[in-house]
Amino acid sequence: MTDLPFYEASGNEIALFEHAYRERLPLLIKGPTGCGKTRFVSHMAARLKLPLYTVACHDDLTAADLVGRHLISDQGTWWCDGPLTRAVRGGGICYLDEVVEARKDTTVVLHPLADDRRILPIDRTGETLEAPDNFMLVVSYNPGYQNLMKGLKPSTRQRFVSMRFDFPTAEREISILIGETGCDTDLAKRLVGIAKAFRALKDRDLEEVASTRLLVYAASLIQAGLDVSAACRAALVESLTDEEETAAALMEIVNATFGR
């Protein structure tokens, strides 16, 4: 399994995913931005040797974007499958990232696939596709972004087996940085220390905090030869705030961590 995308497990999430796949159950993954949800799905697709169809959900995502649509060319009109339909036809994992960003009338198309029917009706072609055993539906979202206007309907949520992700422990996050970037242990520990200090500021000075993904970016820039302060400013500080005073305060934490 040396070709698997790097992923450092924190608990029983690999076993849970594998059991859900074998039992043909859809899976919902919830957790903060940049904590490893997408990497985990990529890792599991490779681990199970399944094609992966990833959809980044947004406000304008329509059911046709998922299922497919008729297209017109010089040769006439023809049907083009969307990523959800391709996954159902051929097998594989269809992963809807940040599913709450999609309109509710769009996510309803998932309902017959996410219960015991496991079918995908395609009204425009008159087809009803039955999902094969090697098809799996996976969705994710960040609960921190939920509000009254954006959230999963109970009728959708209760069709899924769910798991919760969070930022790794300090030891695991250090291991992730080393595994992802090849940086040394000292640099990894310092970056994780910065993340801990930044995360303590959530909901006071920062709306969002430093994700593991941003730490990987910072370590990658430093490994490539960029100055530590410049790398942390670009990958961490400027990604978290537009306020000059807040940015200056965060840079003080960075410089103190690296003895500057």
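In this predicted model, Ala56 lies in strand 2, which spans residues 52–56. Ala56 is exposed, its relative accessible area being 54%. Although 40 residues separate Ala56 from Leu96 along the chain, their C-alpha atoms are 6.2 Å apart.

Packing between two helices was examined for helix 10 and helix 11. Two packed helices are described by the angle between their axes and the distance between the axes. The crossing of helix 10 with helix 11 is right-handed. On the side of helix 10, the contact is formed by Ser229, Cys232, Arg233 and Val237, which meet Ala247, Leu250, Met251, Val254 and Asn255 of helix 11. Classified by residue type, this contact contains 6 nonpolar, 2 polar and 1 charged residues.

The loop between helix 10 and helix 11 contains Thr241. Thr241 has a relative accessible area of 9% and is therefore buried, the cut-off being under 20%. Its side chain reaches the backbone nitrogen of Glu243 at a distance of 3.0 Å. When residues up to four places away in sequence are not counted, Thr241 touches Leu206, Thr246, Ala247 and Leu250. Among these residues, Ala247 and Leu250 also belong to the helix 11 side of the contact with helix 10.

Note on methods. Residues numbered from 1 in each chain as written. Predicted model: local features only at pLDDT ≥ 70, side-chain atom pairs only at ≥ 80, totals over all residues. Heavy atoms only, no water. Left-handed = near helix turned anticlockwise from the far one by under 90°. Helix = DSSP H or I, 4+ residues; strand = E, 2+ residues; numbered from the N terminus. Contact = heavy atoms within 4.5 Å. Nonpolar A, V, L, I, M, F, W, Y, C, P; charged D, E, K, R; others polar. Buried < 20%, exposed > 50% of the residue type's maximum accessible area, 1.4 Å probe, protein only. Polar contact = N/O pair within 3.5 Å; in protein donor to acceptor, adjacent residues only side chain to side chain.
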